[in-house]
Amino acid sequence: MVRRPVAWVVAVLLFAEALGIAALNWFLGVVVDRQDMSLAGLDPDVMSVSSKIGGVVFGLYFALCGLVALLVALRDRRPAGLGRVLLVSVAVVHGLLGAFTWGLVGWHAFLFMVAVLALVVLLLMTYDAPPEPADAAPGGTEPITPPAPTTP
């Protein structure tokens, strides 16, 4: 089965992305703070702090989604409720980020975003079918029982 390895890979990728996004936005906040320039009259301190806060919030979001994928890998059960919603939302976010990175960063970043999107969708789809009960016959059919003998 590919379910557990895919869940492990998704969890590791989302944790790495959480750290990367938070670090990138923190770095951009430091750069804005050191330049002391204004953009359309905005205060540089406000831009710096908002970049740092946005990076931390976005990083925590990715880390929470990574935690859901990690729990899926550990339990070998499909995500339910809020966990499923988080994984669907992170798939949508990767689709949007992939579209933006194609034009802004290049096709290498686009391929990475699409690969993560595909892995998240694969994670959601492989756990989609409910598990079969242990006493059921192979193939999902009920065992055939012969009719009871009747006496005249």
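Here are some friendly questions and answers about this predicted model.

Reader: I am new here, so which elements does the protein chain run through from the N terminus on?
Author: Welcome! This is a predicted model, and its protein chain has four helices and zero strands. Read from the N terminus on, the elements are therefore helices one after another, as helices and strands are the DSSP runs that get numbered. The order is α-α-α-α.

Reader: What share of the residues in the protein chain is buried?
Author: Buried means under 20% relative accessible area. The protein chain has 152 residues, and the part of them that counts as buried is 28%.

Reader: And how much of the accessible surface belongs to carbon and sulfur atoms?
Author: The accessible surface of the protein chain comes to about 10,100 Å². Of that surface, the share that belongs to carbon and sulfur atoms is 73%.

Reader: Which element gives the most to the nonpolar patch?
Author: On the surface, W8, F15, L64, L67, L71 and L74 form a nonpolar patch, and together they have about 510 Å² of accessible area. Two or more residues come from each of α1 and α2. With four residues, the element that gives the most is α2.

Reader: Is F15 buried or partly exposed?
Author: F15 lies in helix α1. Its relative accessibility is 32%, and buried would mean under 20% while exposed would mean over 50%. F15 therefore counts as partly exposed.

Reader: Is S51 buried or exposed, and what is S51 in contact with beyond its neighbours within four places in sequence?
Author: S51 lies in helix α2. At 18% relative accessibility, it falls under the 20% cut-off and so counts as buried. Leaving aside neighbours within four places in sequence, its contacts are N25, L28 and G29.

Reader: Which residues does F112 touch, not counting those up to four places away in sequence?
Author: F112 has its place in helix α4, residues 107-126, and at 38% relative accessibility F112 counts as partly exposed. From F112 to H94 there are 18 residues in sequence and 9.4 Å in space, C-alpha to C-alpha. Not counting residues up to four places away, F112 touches L13 and E17.

Reader: Where is the place of D43, a residue of the negative surface patch?
Author: The negative surface patch is formed by D33, D36, D43 and D45. D43 counts as partly exposed, because its relative accessibility is 38%. Its place is in the loop between α1 (3-35) and α2 (44-75).

Reader: What is the phi of D76, which is not a glycine?
Author: D76 has its place in the loop between α2 and α3. With a relative accessible area of 29%, D76 is partly exposed. Although D76 is not a glycine, its phi is positive, at about 55°.

Reader: Last one: among contacts between residues at least 6 apart in sequence, what share joins residues at least 24 apart?
Author: A contact here means heavy atoms within 4.5 Å. Among contacts in the protein chain between residues at least 6 apart in sequence, the share joining residues at least 24 apart is 71%.

How values were computed. Residues numbered from 1 in each chain as written. Predicted model: local features only at pLDDT ≥ 70, side-chain atom pairs only at ≥ 80, totals over all residues. Heavy atoms only, no water. Patch = residues over 30% accessible without salt bridge, like charges linked within 9 Å, V, L, I, M, F, W, Y side chains within 5 Å. Areas by Shrake-Rupley, 256 points an atom, 1.4 Å probe, with all protein chains shown as cover. Salt bridge = Lys/Arg side-chain N within 4 Å of Asp/Glu carboxyl O. Lys, Arg positive; Asp, Glu negative; His and termini not counted. Charge placed at Lys NZ, Arg CZ, Asp CG, Glu CD. Buried < 20%, exposed > 50% of the residue type's maximum accessible area, 1.4 Å probe, protein only.
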